[in-house]
Structures are given as C-alpha cells and as structure tokens.
Amino acid sequence: TLKHIPHAQIIYDKFHILRHLGDAMDTVRKQEYRRVSEKERIFIKGQKYTLLSHKANLDIKGKRALKLLFKANGLTS
C-alpha cells in the first residue's frame, strides 16, 4: 500500500477491533473453563455479560458475581 499510495492513512474500525477482542475473550474463557475443576466452573459459566459490562452499570448481583470471579482468579477489581 505504501508503495502505490504513499499518503494513504491506515484506519482501524471499532467493529473489527471489538470483534477480535470478543473472540480473544471467548478463547480465554473457554480455556479457563476447561482448566478449572467442576466446582470452580460456576465462577465462569454465564459471566460473559458481567465481564463485558462496565462495573458502574452492573446491579448488585452482577457486582457480587464480578467480585467473586476476580477473587477466584486471584485478581483485584
């Protein structure tokens, strides 16, 4: 591209960036789900929305689930 159109500007669109981020997140969630024991899977299953949501937009149940998920994985919120 630089050879034929040296003044071209590379543009990244939000849709494709978010799609790749979502795919990466799904891959990690699936790896973690397979890695942990049956008992620990409750922390992962059904939490995609919670992980994708802004913390301020979560209800009490969602905030508790996020805190529990982070605690189970040794992360801080």
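## Close-up views of a predicted model

**View 1. A nonpolar patch on the surface.** Ile10, Tyr12, Ile17, Leu18 and Leu21 form a nonpolar surface patch with about 590 Å² of accessible area together. Patches consist of residues that have over 30% relative accessible area and no salt bridge; nonpolar side chains (Val, Leu, Ile, Met, Phe, Trp, Tyr) are joined within 5 Å, and like charges within 9 Å. Accessible areas come from the Shrake-Rupley method with a 1.4 Å probe, and for residues only the protein chains shown count as cover. One of the patch residues, Leu18, lies in helix α1. Helices are DSSP runs of H or I with at least four residues, strands are runs of E with at least two, and both are numbered from the N terminus. The model is predicted: local features need pLDDT of at least 70, side-chain atom pairs count only at pLDDT 80 or more, and totals for chains, interfaces and linings use all residues. Residues are numbered from 1 along each chain as its sequence is written, and side-chain values use heavy atoms, with hydrogens and water left out.

**View 2. The salt bridge between Asp23 and Arg19.** The closest N and O atoms of Asp23 and Arg19 are 3.9 Å apart, and the two residues form a salt bridge. A salt bridge is a side-chain nitrogen of Lys or Arg within 4 Å of a carboxyl oxygen of Asp or Glu. A search of the whole structure finds four salt bridges. Both Asp23 and Arg19 lie in helix α1, four residues apart, which is about one turn of the helix. Asp23 has a relative accessible area of 39%, so Asp23 is partly exposed. Arg19 is also partly exposed, because its relative accessible area is 40%. Here buried means under 20% relative accessible area, exposed means over 50%, and partly exposed lies in between (1.4 Å probe, protein chains only).

**View 3. Asp26 and its partners.** Asp26 is in helix α1, which covers residues 14–35. With a relative accessible area of 18%, Asp26 is buried. The side chains of Lys48 and Asp26 meet in a salt bridge of 3.2 Å, N to O. This pair links distant parts of the chain: Lys48 is in helix α2 (residues 48–52) and Asp26 in helix α1, 22 residues apart. Lys48 is partly exposed, because its relative accessible area is 33%. The side chains of Asp26 and Arg29 are joined by a polar contact of 3.2 Å. A polar contact is a pair of N or O atoms within 3.5 Å; within protein, one must be able to donate a hydrogen and the other to accept it, and residues adjacent in sequence count only if both atoms are side-chain atoms.

**View 4. The salt bridge between Arg35 and Glu32.** Arg35 forms a salt bridge with Glu32, and their closest N and O atoms are 2.6 Å apart. Arg35 and Glu32 both lie in helix α1, three residues apart, about one turn of the helix. Arg35 counts as exposed because its relative accessibility is 56%. Glu32, with a relative accessible area of 23%, is partly exposed. Elsewhere, salt bridges that share partners join Asp26, Arg29 and Lys48 into one network.

**View 5. A patch of positive charge.** On the surface, Lys55, Lys63, Lys67 and Lys71 gather in a patch of positive charge. Lys and Arg count as positive and Asp and Glu as negative, while His and the chain ends are not counted. The place of a charge is taken as NZ of Lys, CZ of Arg, CG of Asp or CD of Glu. Lys63 lies in helix α3, residues 60–72. At 35% relative accessibility, Lys63 counts as partly exposed.

**View 6. Leu69 in helix α3.** Leu69 is placed in helix α3. Its relative accessible area is 5%, so Leu69 is buried. Leu69 and Ala8 are 61 residues apart along the chain, and their C-alpha atoms are separated by 44 Å.

View 7. Ser37 counts as partly exposed, at 36% relative accessibility, whereas Ile42 is exposed, with a relative accessible area of 62%. Ile42 and Ala65 are 23 residues apart in sequence and 10 Å apart in space, C-alpha to C-alpha.
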